[in-house]
Amino acid sequence: MFDGRAALRLLIGFLVALAFWFLFASAYERALAPAAEFLIRLGESPAVTRLEAPGKEFLVKRSDFPPGAPYPGLPSPDLHFNFVLLGALFALPPRPWRQKNVTRFLLAALCLFVVHVLFLVFQVESVYANNFREWSAAHYSAFERNFWGAGFHFYQIAGRFAAPFAIWWFFGRSEPSEPTIEPARGPRRKKKRKG
């Protein structure tokens with residue numbers, strides 16, 4: 001049941017997760033970039049994409065870009081700020097620091113990392129497929145342009161908010177405690193009076 005204490009835990013969880021996110025966002029981005037780069041390069045022949053995370057953005061570098069061409073910069077906080085929401089949701093149980101809840105939170109955070117990697121891939125591929133006009137049309141079919149663009153826009157509009165809730169629903173939602181059921185008693189027999 002959501003009451004005043006749960007609201008307070010939610011607020012505290014939000015503030016702690018927000019502080020954690022601010023402190024470690026740059027390090028997190030430096031872990032996201034090579035993971036997404038690896039997946040992107042699997043589909044390239046030859047492998048030309050390099051992703052860098054200098055802070056607050058992902059720089060997309062390709063070895064086949066013309067010399068002196070500016071590298072696209074993709075804003076990074078938009079991709080992973082939903083970690084704060086996940087942290088707040090896991091603060092809802094009465095004792096959120098219990099080992100079981102912390103373990104579930106770590107598994108959920110790992111799942112959210114996978115989501116972030118996948119949608120960084122979608123974002124980069126969407127840029128390739130739609131932002132370079134003639135080059136994009138020459139290298140991506142209409143289906144591919146729509147697929148990468150729609151996938152990334154879905155994440156921007158709904159997925160980045162839905163993902164933490166879905167992951168929390170799977171890993172962290174606690175089942176309501178079942179009411180204790182007393183064993184049924186048979187009908188009482190009346191004692192015969194001696195008369």
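Student: What share of the contacts with a separation of 6 or more comes from residues 24 or more positions apart?
Tutor: In this predicted model, such residues account for 61% of those contacts in the protein chain.

Student: And how much of the chain is buried?
Tutor: Of the 195 residues in the protein chain, 38% are buried.

Student: Which elements are there, and in what order do they run from the N terminus?
Tutor: The protein chain has six helices and three strands. From the N terminus on, the order is α-β-β-β-α-α-α-α-α.

Student: How are the strands arranged in the sheet?
Tutor: The three strands form an open sheet in the order β1-β2-β3, with antiparallel pairing. Strands β1 and β3 (73-75) stand at the edges with a single partner strand each, so one side of each has no neighbour in the sheet. From one strand to the next, the twist averages 25 degrees.

Student: How many bridges join β2 to β3?
Tutor: Three bridges join strand β2, residues 57-62, to β3, and the two run antiparallel. Glutamate 57 has proline 75 in β3 as its bridge partner.

Student: Which strands does α1 touch?
Tutor: Helix α1, residues 4-42, packs on the sheet and touches β1 and β2. The direction of α1 makes about 170 degrees with that of β1.

Student: Where does α4 lie relative to the strands?
Tutor: Helix α4 lies across β1, β2 and β3, and runs at about 140 degrees to β3.

Student: Now the helix pair. What are the angle and the axis distance for α4 and α6?
Tutor: Helix α4 (residues 99-130) and helix α6 (residues 142-171) pack at an angle of about 170 degrees, and their axes are 8 Å apart. Angles over 145 degrees count as roughly antiparallel, and α4 and α6 are therefore roughly antiparallel to each other. Their contact has 16 nonpolar, six polar and four charged residues.

Student: Staying with α6, is glutamine 156 buried or exposed?
Tutor: Glutamine 156, which lies in helix α6, is buried, with a relative accessible area of 19%. The cut-off matters here, because buried means under 20% relative accessible area. Apart from neighbours within four places in sequence, glutamine 156 is in contact with Asp78 and Phe161.

Student: What about threonine 49: buried or exposed?
Tutor: Threonine 49 is buried, at 0% relative accessible area, and its place is in strand β1, residues 49-52. Leaving aside neighbours within four places in sequence, its contacts include Glu37, Ile40, Lys61 and Tyr128. The side chain of threonine 49 also makes a polar contact with the side chain of glutamate 44, at 2.4 Å.

Student: How far is the C-alpha atom of threonine 49 from that of phenylalanine 38?
Tutor: The two C-alpha atoms are separated by 9.0 Å, and the residues are 11 apart along the chain.

Student: Changing topic to the backbone: which peptide bond is cis, with omega near 0 degrees?
Tutor: The bond from serine 45 to proline 46 is cis. Proline 46 lies in the loop between α1 and β1.

Student: And where is lysine 56, and what is its phi?
Tutor: Lysine 56 is in the loop between β1 and β2, and its phi is near 65 degrees, a positive value in a residue other than glycine. Most residues other than glycine have a negative phi. Lysine 56 is exposed, with a relative accessible area of 66%.

Student: What is the phi of arginine 133?
Tutor: Phi of arginine 133 is near 45 degrees, a positive value. Arginine 133 lies in the loop between α4 and α5 (134-139) and counts as exposed, at 70% relative accessibility.

Definitions and conventions
Residues are numbered from 1 along each chain as its sequence is written. This is a predicted model: local features need pLDDT of at least 70, side-chain atom pairs count only at pLDDT 80 or more; totals for chains, interfaces and linings use all residues. Side-chain values use heavy atoms; hydrogens and water are left out. Axes are lines fitted to C-alpha atoms, for helices over the stretch in contact, and angles run from 0 to 180 degrees between N-to-C directions. Helices (H or I, at least four residues) and strands (E, at least two) are DSSP runs, numbered from the N terminus. Angles under 35 degrees count as roughly parallel, over 145 as roughly antiparallel, 65 to 115 as roughly perpendicular and the rest as oblique. Ala, Val, Leu, Ile, Met, Phe, Trp, Tyr, Cys and Pro count as nonpolar, Asp, Glu, Lys and Arg as charged, and the others, Gly among them, as polar. Buried means under 20% relative accessible area, exposed over 50%, partly exposed in between (1.4 Å probe, protein chains only). Contact means heavy atoms within 4.5 Å. A polar contact is a pair of N or O atoms within 3.5 Å; within protein, one must be able to donate a hydrogen and the other to accept it, and residues adjacent in sequence count only if both atoms are side-chain atoms. Two strands pair if DSSP finds at least two bridges between them.
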